[in-house]
Amino acid sequence: MGKKGYQHIVKRQATKLEMAATSLKTTLTNAGWLRNLSEAASEIKEKCKGDDWLVDILDMEIPIEPPKHLKPGHLKGNLKMFVSIRMEGYGKAWNDEDDCIKSLCFKVDVRENNRKDDDKYFQTGFHIDKVNENDSQSEMHPLYHVHFINESKINGNEVLAMDVPRLAHHPVDVLLGILLVYANYNPEGYKKLLEDGHFMALCRDSAKHILSPYYRSLSNVSQLDGNIKEYDKLLCPYLTV
């Protein structure tokens, strides 16, 4: 029997992005960032010829509604948000409903719009990553984690910044990431997404293959009989060291 291939799963990733872009053109009235999904789908088709795939999207500009607890207040209506993702996935693991992510960096930047002074600006955001071999072993890194950042500068001086804890967080692909961003930064747009049955079906498919394996393993961390796999420990190391 020949080796089983997973190219159909790779092609499915491209198709999902195309379907999402098509559906959201109506739901979000031709949002400009949807072209990034179509371009990513084309990249998968053209370059991912094996059993694995890569999504690489830089700076999708997604509209942000004024945050409820925004400081300083003069930034209300004067923010831009950019979403980037680089994710490598395994076709076999997707098929087996196992951890299918080889590498992940999902990043959200919120920046002051119309910045006029490079010595005075506001910028913040967060990223959801998967630990890689280059990460410092001296810092606590759950395998998948969210990390908040503040890169503002006031009068040429950086604001107070320190090592914010990397908190355990489930992984995302581009569709789950978009849903997360809208849920937190664009409530009106989020309501529209929830009403888009085609888009939500695509997100549920991603959840089945990405969220379910994560939470299944994470649930093992609380076991008291010591029967915890090494992979499970990596998801929440401060409870299993």
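In what order do the six strands of the open sheet stand? They run β1-β2-β3-β4-β5-β8, with antiparallel pairing. Here strands are DSSP runs of E with at least two residues, helices are runs of H or I with at least four, and both are numbered from the N terminus; two strands pair if DSSP finds at least two bridges between them. β1 (52-61) and β8 (167-168) stand at the edges with a single partner strand each, so one side of each has no neighbour in the sheet.

Before we go on, note that this is a predicted model, in which local features need pLDDT of at least 70 and side-chain atom pairs count only at pLDDT 80 or more, while totals for chains, interfaces and linings use all residues. Residues are numbered from 1 along each chain as its sequence is written, and side-chain values use heavy atoms, leaving out hydrogens and water.

Now look inside the sheet. β3 (residues 101-112) and β4 (residues 123-130) pair in the antiparallel sense over seven bridges, and V110 stands opposite T124 in β4.

Next, find H141 in the loop between β4 and β5 (144-150). With 13% relative accessibility, H141 counts as buried (under 20% relative accessible area; exposed is over 50% and partly exposed in between, with a 1.4 Å probe and protein chains only). The side chains of H141 and R166 are joined by a polar contact of 3.1 Å (a pair of N or O atoms within 3.5 Å; within protein, one must be able to donate a hydrogen and the other to accept it, and residues adjacent in sequence count only if both atoms are side-chain atoms).
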